[in-house]
Amino acid sequence: MSESDAQDVYPSVTVERASVQADTPISPLRLGERLKEIRTKSGLTLEEASKLTGLARSTLSKIENEQISPTFQAMQKLAVGLKIDIPQLFAPPKSRQATGRRDITRAGEGKSRPTGTYEHELLATQLTNKKMFPFKSRVRARSFEEYDEWIRHDGEEFLLVLEGSIAFYSEFYEAIELNEGDSVYYDAAMGHMLTSLSEEDAQILWVTAS
């Protein structure tokens, strides 16, 4: 099967990929500063934090002023007493400003892309650089032999059966029957393909992401 043929069987996937430059500076770890930020945002004094965590006030002060590094046991006490997860001591949650991106696809108004084995309906087609690539498909294929080779591509994929029943074939597992409401999440680099088992073409929702 040529590359152009493969694209005809399966919609091309354009997803946003995060990249890290080799010269991106790495911020030094400032655990004491982070601890003080968590404590003050919780409205706690050093004395109150001491009672909650079971650590001496002087110990907390030294940690916050980067004079000592806490042991793992001390970090466990901090996490329990301040009701946080240990990773929160190392880095604040990343904040991302909402961009207001939105794309509504009315029923039946997706972009049609028919193939020999599927009838694809692409959704949210006005958005570019999507992190997810959603589309609905009617599964026309009725036998494994209708495919020239396995379908495979980058990323991971979620499949939900909307109507009918399908056989889900995958490269490393036995074929499995999926019925209306059933779903499967899998590595899309693993060869996969579908056939309809129901009298009418099965309809599925696919969401692909990197």
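In helix H3, which spans residues 46-53, the residues Leu46, Ala49, Ser50 and Thr53 are buried. Viewed down the axis of H3, these buried residues fall within an arc of 105°, so they line one face of the helix. Their packing partners are helix H2 (31-41), helix H4 (57-64) and helix H5 (72-82). After H3 comes Gly54, whose phi is positive, near 80°. The model described here is a predicted one.

**The chain as a whole**

The chain contains five helices and nine strands. Read from the N terminus, the order of elements is α-α-α-α-α-β-β-β-β-β-β-β-β-β. The chain has 210 residues, of which 35% count as buried. Among contacts between residues at least 6 apart in sequence, 65% join residues at least 24 apart. The chain exposes about 13,600 Å², and carbon and sulfur atoms supply 49% of that area.

In soluble globular proteins, nonpolar side chains tend to be buried together. Which residues have the most contacts inside the largest nonpolar core? They are Leu159, Ile166, Leu194, Ile204 and Trp206, in a core of 21 residues. At least two residues of this core come from each of the following strands: S2 (118-122), S3 (132-139), S4 (156-163), S5 (165-170), S7 (183-187), S8 (192-196) and S9. Another core lies apart from it and has 16 residues, among them Ile38, Leu46, Leu60 and Ala74.

**Aromatic pairs**

The structure holds seven aromatic pairs. Two of them are set out in the table below.

| Pair | Arrangement | Centre to centre | Angle between the planes |
|---|---|---|---|
| Tyr118 and Tyr147 | tilted | 6.2 Å | 55° |
| Phe135 and Trp206 | tilted | 5.2 Å | 45° |

Tyr118 belongs to strand S2, while Tyr147 lies in the loop between S3 and S4, so their pair ties together parts that are 29 residues apart in sequence. Tyr118 and Tyr147 are both buried. In the other pair, Phe135 lies in strand S3 and Trp206 in strand S9, so parts that are 71 residues apart in sequence are tied together.

Are Phe135 and Trp206 buried or exposed? A residue is called buried when its relative accessible area is under 20%. Phe135 has a relative accessible area of 0% and is therefore buried. Trp206 counts as buried because its relative accessibility is 1%. Ring pairs link Phe135 and Trp206 with Tyr118, Phe133 and Tyr147 into a cluster.

**Gln203 in strand S9**

Gln203 is placed in strand S9, which covers residues 202-209. Its relative accessibility is 11%, so Gln203 counts as buried. With which side chain does the side chain of Gln203 make a polar contact? The partner is the side chain of Arg138, at 3.4 Å. Leaving aside residues up to four places away in sequence, Gln203 touches Lys136, Ser137, Arg138, Leu160, Val161, Leu162 and Glu163. Strand S3 covers residues 132-139 and strand S4 covers residues 156-163, and these ranges include the residues that Gln203 touches.

Definitions and conventions
Residues are numbered from 1 along each chain as its sequence is written. This is a predicted model: local features need pLDDT of at least 70, side-chain atom pairs count only at pLDDT 80 or more; totals for chains, interfaces and linings use all residues. Side-chain values use heavy atoms; hydrogens and water are left out. Buried means under 20% relative accessible area, exposed over 50%, partly exposed in between (1.4 Å probe, protein chains only). Helices (H or I, at least four residues) and strands (E, at least two) are DSSP runs, numbered from the N terminus. The arc is that of the directions from the helix axis to the C-beta atoms. Contact means heavy atoms within 4.5 Å. Accessible areas come from the Shrake-Rupley method with a 1.4 Å probe; for residues, only the protein chains shown count as cover. A polar contact is a pair of N or O atoms within 3.5 Å; within protein, one must be able to donate a hydrogen and the other to accept it, and residues adjacent in sequence count only if both atoms are side-chain atoms. A nonpolar core is a set of buried Ala, Val, Leu, Ile, Met, Phe, Trp, Tyr and Cys residues joined through side-chain atoms within 4.5 Å. Rings of Phe, Tyr and Trp (its six-membered ring) pair if their centres lie within 6.5 Å; planes under 30 degrees apart count as stacked, over 60 as edge-to-face and the rest as tilted.
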